[in-house]
Each structure stands twice: as structure tokens, then as C-alpha cells.
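Welcome to a short tour of one protein model.

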Amino acid sequence: MDSYPAMTILILIFVFLSSPTISAARPISSGGGAAAAASALPRFAEAPQFRNGDDCPISTAGEICDPNLVHVAMTLDAHYLRGSMAAVFSLLKHASCPESIFFHFITSGSGDEALAAVVSASFPSLRFRIYPFPTSLVSGLISSSVRAALENPLNYARNHLADLLPSCVSRVIYLDSDILAVDDVSRLWETHLPAAAVVAAPQYCHANFTRYFTPAFWNDPELGFRVFEGRRRQPCYFNTGVMVIDLRRWRAGNYRNRIEKWMRLQKERRIYELGSLPPFLLEFAGEVEGVDHRWNQHGLGGDNLTGSCRPLHPGPVSLMHWSGKGKPWARLDAGRPCPLDRLWVPYDLYISPASAVAAASMAPSSSSIFSW
């Protein structure tokens with residue numbers, strides 16, 4: 001990827017403080033069957049409209065196979081909807097060609113029309129498609145983890161992206177719902193993937209790689225370090241919440257089945273404790289194409305047990321990731337935000353029930369509007 005000026009923390013804070021405030025955005029209003037179902041979901045304001053500049057490639061409206069599109073895949077469900085909406089907002093705000101981003105939302109198949117109505121109301125011009133993911137495909141393969149949230153079947157939907165997305169989509173950026181972009185995602189999209197690579201992601205070789213697997217794994221003569229012999233590089237930890245994936249190579253290499261092989265072995269021998277991450281490490285560690293760390297400033301949600309506050313890693317920032325137990329919206333609502341959680345606030349489109357009631361009470365009555 002081409003180099004570009006480093007973003008200092010002061011500039012990062014300025015970017016957030018200069019973002020449009022939610023008070024300037026207007027609440028959504030919608031009707032119809034899907035909109036009625038959406039009323040059971042949280043309410044969100046309508047985001048500002050972002051348009052392509054003159055230098056952006058001309059895209060074919062509604063054409064998912066357009067080669068000029070940047071494809072982004074995320075899961076979408078009611079529990080993390082607030083995070084997903086903020087993530088989409090941030091990606092659009094900082095994109096040089098926001099109308100050239102196509103979003104692929106993977107759902108559990110429940111309430112899809114309501115979710116689509118919410119997304120469309122806040123982002124009327126957004127190009128997206130919803131893909132129901134049959135959770136039965138993975139429910140029998142999921143093992144217990146250190147945190148119940150890690151056992152959600154949607155965490156494993158990324159294993160099936162190559163099967164869910166149209167075959168004409170040859171590359172996709174996968175993002176977790178608890179991220180914020182503060183840079184142009186097209187820079188990440190342009191990551192070079194050499195012929196030997198299927199996945200690109202920031203790697204963290206200083207991390208203790210052995211702790212992601214149990215002693216039973218390392219002590220097994222058929223497993224342990226033998227698993228990683230002959231790989232292109234030293235096996236290192238990488239976070240699966242931000243990945244660039246070559247879907248054609250994924251399909252050709254049948255990587256979904258390879259990952260599920262490790263999940264089946266986990267059922268038999270308990271070779272790791274975390275959720276969907278270790279099978280990716282087993283299959284790709286040592287083969288991942290590295291991406292600058294700026295694209296996954298992860299761990300801002302603390303560890304998987306306490307969700308304690310953590311600072312940014314040293315260096316520039318293009319994407320912030322609240323991986324871990326603590327989520328910014330939950331800590332803000334509880335009145336116990338971490339310092340960095342406040343940087344998430346300008347992208348929060350959520351309309352709390354209290355603010356909705358206050359806005360309604362300030363609106364003129366129908367009688368005053370039409371009085372003569």
C-alpha cells in the first residue's frame with residue numbers, strides 16, 4: 001500500500017470533534033410493514049448524506065458486480081445494531097468515494113426486513129444487501145468459550161462469506177461491528193495480496209502466540225508447532241475483526257472446510273479456549289499478508305472478562321476496534337465510559353427513549369399547526 005502521512009493522536013481527536021453532531025441529524029420517520037416491525041428495534045437518527053467526488057469512478061447503480069465497488073462485509077443483529085450503525089457512519093464519513101462502498105450484512109435470518117428498514121432509514125442512499133445465515137450450519141461445531149458472546153453463531157459467519165456473497169465478488173473487507181474508521185477505507189481495500197496469500201490483516205508478532213492454545217495442543221506430538229511447519233512466515237497472532245479476504249482463492253482452497261476441521265477437532269480434544277479466532281490462527285498464522293497496525297487499533301474493549309479501559313497502541317490510527325468485553329455504547333449508557341469511548345460518541349446515531357420523548361414534547365401540536 002502507498003504510504004501516507006501519519007495521523008497523530010491530536011489530529012485524531014480533531015477529526016472526531018469536528019464530526020457532525022447527532023443533534024444536527026434528524027430522527028427517522030417511516031411507515032409500512034417493515035418499518036412497523038423496525039419499531040421494536042432501537043431508533044436511530046438519519047445520517048448526513050455523503051456523495052462521491054468528481055474523481056470517483058462512475059459506478060453502475062445497484063450493480064453488485066461493478067468492479068469499481070469496495071465491498072465491506074459485517075454481521076448485523078439487534079444486539080450489536082448500535083455499534084454497526086456507528087461503524088457504517090464512520091466508514092462513509094471518511095471515504096473518498098462513499099457511494100462506491102457496497103455493504104454485505106450477514107444476519108441470523110430473524111427480523112431481516114426490520115433490520116433493513118432501520119438501515120435504509122438512517123442511510124437512504126446506502127448500497128447494501130442482507131444475507132440470512134443459517135446458524136444450523138455451525139451450531140453443532142461451536143464449543144464453549146470464556147465468554148458467552150463468543151459463542152454466537154454469527155461470529156462464525158465470516159467462515160462462510162465466500163459461499164454467501166455472489167461469485168462475482170472476488171475480494172471483501174470483513175469488519176466487526178465494534179469498529180470506527182477514521183481514514184479512507186479504500187486504502188485498506190487496495191492492500192496487495194500476493195499469489196500465495198488468501199487473507200491480509202495486521203499482525204502482532206510481539207504477542208504470546210502460545211497462549212491462544214491449550215497445553216493439550218502444544219503437548220500433542222501431532223499438533224503443536226508441527227501444525228505451523230513450512231509456512232511462509234513465523235506464525236503470529238492476528239485479530240479476525242479486520243481482514244481483507246481474496247474470496248476466489250478462499251473458494252479454490254476450500255478454506256471453510258479447513259477451518260471447520262479444526263472446530264471438529266476442538267470438540268474432541270479441547271485445543272483452545274476462545275471462540276472463532278483460534279481456527280483462523282491454526283489455518284492462516286504464518287500465511288497472512290501483513291497490514292499496517294493503524295488499521296486495527298484493537299483491544300479497546302479490554303479483556304474478555306472485565307472489559308477494562310485500555311489506551312491506543314503507539315503509532316498512527318486509521319481504525320479503532322473495541323474488541324474485548326467492554327463496548328463503548330454499553331459503558332456510556334452505564335455512566336462508566338473509558339476515555340476513548342468518548343471518541344465514539346460523534347458517530348452514535350442512537351436516539352434514546354428519553355431524547356425521543358423530549359423531542360416529541362417540544363414539537364407543536366397538530367391543532368396549533370392547522371389553527372385558523
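## Strand 2, covered on both sides

Strand 2 has a cover on each face: Val70, Val72 and Met74 on one side are buried, and so are His71, Ala73 and Thr75 on the other. Here strands (E, at least two residues) and helices (H or I, at least four) are DSSP runs, numbered from the N terminus. Buried means under 20% relative accessible area and exposed over 50%, with partly exposed in between (1.4 Å probe, protein chains only). Six of the six residues of strand 2 are buried, so this strand is largely enclosed by the rest of the structure. In a regular strand, side chains alternate between the two faces of the sheet.

A note on the source: this is a predicted model, in which local features need pLDDT of at least 70 and side-chain atom pairs count only at pLDDT 80 or more, while totals for chains, interfaces and linings use all residues. Residues are numbered from 1 along each chain as its sequence is written, and side-chain values use heavy atoms, leaving out hydrogens and water.

## Neighbours in the sheet

Two strands pair if DSSP finds at least two bridges between them. Strand 2 runs parallel to strand 3 (residues 101–107), joined by six bridges, and Ala73 stands opposite His104 in strand 3. Strand 2 also pairs with strand 5 in the parallel sense, over two bridges; there, Val72 faces Ile173.

Which way does strand 5 run relative to strand 10? The two are antiparallel, with five bridges between strand 5 and strand 10 (residues 242–246), and Ile173 stands opposite Val244. Strand 5 (residues 171–175) is largely enclosed by the rest of the structure, because five of its five residues are buried. Arg171, Ile173 and Leu175 point one way, and Val172 and Tyr174 the other.

## Two nonpolar cores

A nonpolar core is a set of buried Ala, Val, Leu, Ile, Met, Phe, Trp, Tyr and Cys residues joined through side-chain atoms within 4.5 Å. The largest one has 55 residues, and Val72, Phe103, Phe105, Phe123, Ile173 and Leu175 have the most contacts inside it. Helix 3 (residues 81–93) gives the most to this core, with eight residues. Apart from it lies another core of 52 residues, including Ile64, Tyr174, Val198 and Phe280.

Val72 is worth a visit. Leaving aside residues up to four places away in sequence, Val72 touches residues including Leu91, Phe103, His104 and Ile173, where contact means heavy atoms within 4.5 Å.

## Exposed spots

Asp54 lies in the loop between strand 1 (43–44) and strand 2 (70–75). Is Asp54 buried or exposed? Asp54 is exposed, because its relative accessible area is 83%. Asp54 and Cys97 are 43 residues apart in sequence, and their C-alpha atoms are 9.3 Å apart in space.

Ala252, in helix 9 (residues 247–253), counts as exposed at 69% relative accessibility.
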